[in-house]
Amino acid sequence: MSNKEIRHEYKIVIVGAGGTGGTLASMLARYLYSKKTDEIRQFKLYLIDGDLVDEKNINRQPFSSDDVGYFKVDCLSEAYTEVYGISVFPFPTYIDKVKEFENIVGSDWFGTSRFYDVKQHIILIGAVDNHRARQTMHKYFDSVSLDINTDIIYIDSANEFDFGTVVAGYRNFSGVQCPDRTFYFPDVLKSRAKKASQLSCGAINISAPQHYVTNQLAATITFSQICSFIENGKYKDGVTYFHSFNLSVSNRPLEDFLADTYRKYNVNSYPDLLVAMKNAMKNGGNNDGKAAKNKGKTGKRADKKNG
């Protein structure tokens, strides 16, 4: 067993810098400032969004009239660097492909001394308002290369005017330990709407209305998940539901979903379930019990693969 002291390195990647993502970035900037003297943790913060600041954004997003016409991520990065003295890496673009994620997040970490055991963590945050972006984040979460000392947690926030959900998925070297949003809301994978990069600036600026307090609550719940993961190595599985005007936050854990879903797909284990769901998607979303059962025969191979 190694006697080296353990160091933790975190790459925090926020996709979406609007009402929820911009608010969350502000919370994280203060948090990372408080961690500047942390001797066992190092951080890099990445902001990804191709949106420009519009006048109508100012009422519920962390921008001023001076920011109008500039990229949101550039405005936030400049402000946090100036006020908190932290390094923020802005990427004013829309992410359509997994390869683009890989190029941005990269394999470069911190060059921590060989005298330490290093644990590397990717914290991917989804704060977007379209499923096509979620599809790309899901693919990255599902496919990014991990070694025995590296893991990824993907926390996705989604909300309407006054309610929403936050879901955390977790994967390590052994495979997916906790599924992401697509497990609970499989329709995410079916969307064929235009990607953000395919829309005009005018179309991008037209979105479903969201209340300021809803964005604040979504960001706070997401921030709580991040802090729990960093401070305690823990996260809340399942789906966290919130309603801003009912003053309610509740969590339905993963185990509550599994029993019903196992019966729906006629399987008995999570690896078999993954196979059955993929098969159902190939069949146009129809759940064929026999097909699921036949696919379930590959469970032992899946167990070995994920184990």
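I began with patches, which are made of residues with over 30% relative accessible area and no salt bridge, like charges being joined within 9 Å and nonpolar side chains (Val, Leu, Ile, Met, Phe, Trp, Tyr) within 5 Å. A salt bridge here is a side-chain nitrogen of Lys or Arg within 4 Å of a carboxyl oxygen of Asp or Glu. Accessible areas come from the Shrake-Rupley method with a 1.4 Å probe, and for residues only the protein chains shown count as cover.

The model is predicted, so I note that local features need pLDDT of at least 70 and side-chain atom pairs pLDDT 80 or more, while totals for chains, interfaces and linings use all residues. Numbering runs from 1 along each chain as its sequence is written, and side-chain values use heavy atoms, without hydrogens and water.

**Surface.** I found a nonpolar patch of about 250 Å², made by Phe 161, Val 213 and Phe 245. Phe 161 is partly exposed at 38% relative accessible area (buried is under 20%, exposed over 50%, partly exposed in between; 1.4 Å probe, protein chains only).

**Rings.** I paired rings of Phe, Tyr and Trp (its six-membered ring) with centres within 6.5 Å; planes under 30 degrees apart are stacked, over 60 edge-to-face, the rest tilted. That gave me 14 aromatic pairs. Phe 141 and Tyr 154 form a tilted one, 6.0 Å between centres and 50° between planes. Both of these residues, Phe 141 and Tyr 154, are buried.

Next I looked up Tyr 184 and Phe 257, an edge-to-face pair at 4.7 Å and 70°. Tyr 184 and Phe 257 are buried too.

I also saw Tyr 10, Tyr 31, Phe 43 and Phe 223 linked into a cluster by ring pairs.
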